[in-house]
Amino acid sequence: MPVDFSIKDFFYPIALIKMRRFLEKSQWYSSDQLESYQINRLREILSLAYEHIPYYRQVFSDNGIHPDDITEIDQLKRLPVLTKDIVRREYRRLQSPFAEKLHAKAYCTSGSTGAPVSFLLDKPANILEFCYYWRHWSWAGYRLGARFGEFTCGFFIKHEHNKNDIAYFSRLTGRLQLNSLMLGEHTVLKIAERIRSYSIRFLNGLASTLYYFALLCKKARITDISFCAVFSQGEMLLPAYRSLIESTFHCKLYDSYGHMERTVAISECPDGGYHINSEYGILEVIRDESHSGENATGGIAVGTSLHNFSMPLIRYVINDRIELDASNSPCSCGRGLPLIKKLYGRNEDVIITPDGRFVTDIFTVFESFSGIELARIEQTDARRVLVSLACSNNWSNSTEYSLRRVLEKYLGAEMRVDIIYTDAQSLRGTCANKFKMVVSHLNVKSEGL
Ligand SMILES: [Zn+2]
């Protein structure tokens with residue numbers, strides 16, 4: 001999940017500064033102050049939903065509830081959960097009439113369940129997102145304008161003439177975008193050189209991309225790259241990832257958890273605590289009977305956005321598993337934001353291309369094809385991948401052709417791509433919450449590459 005900021009995000013300086021100042025203060029709030037903030041925002045969202053959004057109007061009516069009945073966060077449970085299937089089915093009826101006025105834009109993500117879903121995000125949601133990252137990065141000493149590197153592929157895929165570039169630097173924002181699709185043994189020296197030449201002080205990326213970059217640096221005996229901090233996101237951070245990244249780049253790694261739909265955000269503090277950003281959204285953890293042996297504080301994450309007024313997601317089932325911190329002990333950093341104990345996010349395999357590149361974000365390809373209900377890509381040998389697709393009726397030969405073209409951009413022409421069609425139930429099998437979109441059958445011995 002790259003940080004999707006553009007120059008347009010700077011068009012609202014007053015709103016940005018106001019939100020930034022608030023978040024600076026609120027991180028030190030007591031639990032009562034945080035809850036009071038949440039309930040005020042929630043009541044605003046609920047009354048918008050009740051008065052103007054057809055889907056929610058019906059939900060309130062079917063359950064005999066009025067927004068005024070919900071006066072505490074815990075009472076949110078009186079409303080039913082919102083699943084991805086419902087969002088797909090009720091997409092139009094979930095939109096607020098103010099979406100256009102709020103500059104809402106449609107996005108699509110597959111999340112960790114592998115099934116793409118579309119939704120709207122608006123200006124208030126973007127302001128919050130910008131300030132949320134700003135605050136988290138500042139915990140590691142970041143100041144706006146500091147030289148920042150990020151592994152991403154979106155920019156390079158979008159701009160055909162840039163697709164084989166190693167990096168793109170924006171002088172205006174001080175941001176170096178590193179092409180994650182070019183990460184490999186043949187390019188690591190060039191990537192390191194760009195980082196040195198632009199004096200990059202912070203690095204952001206998917207946990208696995210950062211890990212393979214560290215591994216490639218180690219193999220190439222690159223020891224002089226160091227950052228003030230590295231930020232990982234978008235995937236489960238394995239302990240082996242953290243230790244290699246921190247030792248290779250001589251700094252602390254700050255992990256975070258979020259999702260494209262932006263109902264919940266969790267970020268790691270300098271003392272290693274994983275804090276729930278209470279001002280961002282409301283996190284609930286609900287029990288899952290299929291995990292009956294799990295600790296009582298663990299379950300499926302359900303989020304409610306507090307800042308998206310174009311399509312508010314209320315009790316949205318995120319499907320990642322989270323274990324709350326039952327001790328309720330404050331973090332040694334002094335922040336009042338509550339803690340979680342453990343999170344279990346996306347954990348995909350890496351695809352290694354015939355030309356020696358490590359492609360860690362291939363799963364994002366499927367998000368741009370609206371006819372895909374579920375997809376999996378498996379690397380069966382060094383030169384072949386098998387793509388299994390469950391598609392809706394609007395899938396066509398020309399869409400398959402477009403998909404092949406995009407996969408070629410990611411994997412190169414030397415990789416054979418076979419596509420088979422199946423249905424979502426067969427593809428998902430029995431692993432409803434642990435579906436892997438990317439599977440490798442190669443025996444990758446990571447430590448030695
Ligand atoms: Zn802390």
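The structure is a predicted model, in which local features need pLDDT of at least 70 and side-chain atom pairs count only at pLDDT 80 or more, while totals for chains, interfaces and linings use all residues. Residue numbers start from 1 along each chain as its sequence is written.

Taken as a whole, the protein contains eleven helices and 20 strands; helices (H or I, at least four residues) and strands (E, at least two) are DSSP runs, numbered from the N terminus. Its radius of gyration is 22 Å, close to the 22 Å that the globule rule gives for 449 residues, so the protein is as compact as a globular protein of that length. Here the radius is taken over C-alpha atoms, and the globule rule is 2.2 Å times the number of residues to the power 0.38. Along the principal axes, the C-alpha atoms fill a box of roughly 60 × 50 × 45 Å. Buried residues account for 42% of the 449 residues. A residue is called buried if 20 or more other C-beta atoms lie within 10 Å of its own, exposed if 12 or fewer, and partly exposed in between, with C-beta atoms placed from the backbone. Of the contacts with a separation of 6 or more, 69% are between residues 24 or more positions apart; two residues are in contact if their C-beta atoms, placed from the backbone, lie within 7 Å.

The protein splits into domain 1 (7-130 + 258-344) and domain 2 (351-440), with bounds that come from an automatic or database domain assignment. The C-alpha centres of the two domains are 30 Å apart. Where they meet, nine residues of domain 1 are in contact with ten residues of domain 2. On the domain 1 side, β1 (105-109) and β13 (316-324) are the elements that give two or more residues. That side divides into three nonpolar, five polar and one charged residue. For this count, Ala, Val, Leu, Ile, Met, Phe, Trp, Tyr, Cys and Pro are nonpolar, Asp, Glu, Lys and Arg are charged, and the others, Gly among them, are polar.

The largest nonpolar core has 112 residues, and Tyr211, Ala214, Val230 and Ile245 have the most contacts inside it. Such a core is a set of buried Ala, Val, Leu, Ile, Met, Phe, Trp, Tyr and Cys residues joined through C-beta atoms within 7 Å. Helix α8 (residues 207-219) supplies the largest share of this core, nine residues. The core also draws at least three residues from each of domain 1 and domain 2. As for Ala214, it touches Leu244, Ile245, Thr248 and Phe249, leaving aside residues up to four places away in sequence.

Strands pair if DSSP finds at least two bridges between them. β3 (148-152) runs parallel to β6, joined by three bridges, and Glu150 has Asn204 of β6 as its bridge partner. β6 in turn runs parallel to β7 over five bridges, with Asn204 standing opposite Phe231. β7 (residues 229-233) then pairs with β8 in the parallel sense over four bridges, and Phe231 stands opposite Tyr254 there.

Some loop residues are worth a look. Ala146 sits in the loop between α5 (123-138) and β3 and counts as partly exposed because it has 16 C-beta neighbours inside 10 Å. Its C-alpha atom is 6.5 Å from that of Gly174, 28 residues away along the chain. Setting aside residues up to four places away in sequence, Ala146 touches Gly174, Arg201 and Phe202. Arg383, in the loop between β17 (372-381) and β18 (384-391), is partly exposed too, with 13 other C-beta atoms within 10 Å.

Finally, two non-glycine residues have a positive phi. For Ser199 the angle is about 50 degrees; this residue lies in the loop between α7 (188-197) and β6 and is exposed, with 10 other C-beta atoms within 10 Å. For Asn319 phi is near 85 degrees; Asn319 lies in strand β13 and is buried, with 21 other C-beta atoms within 10 Å.
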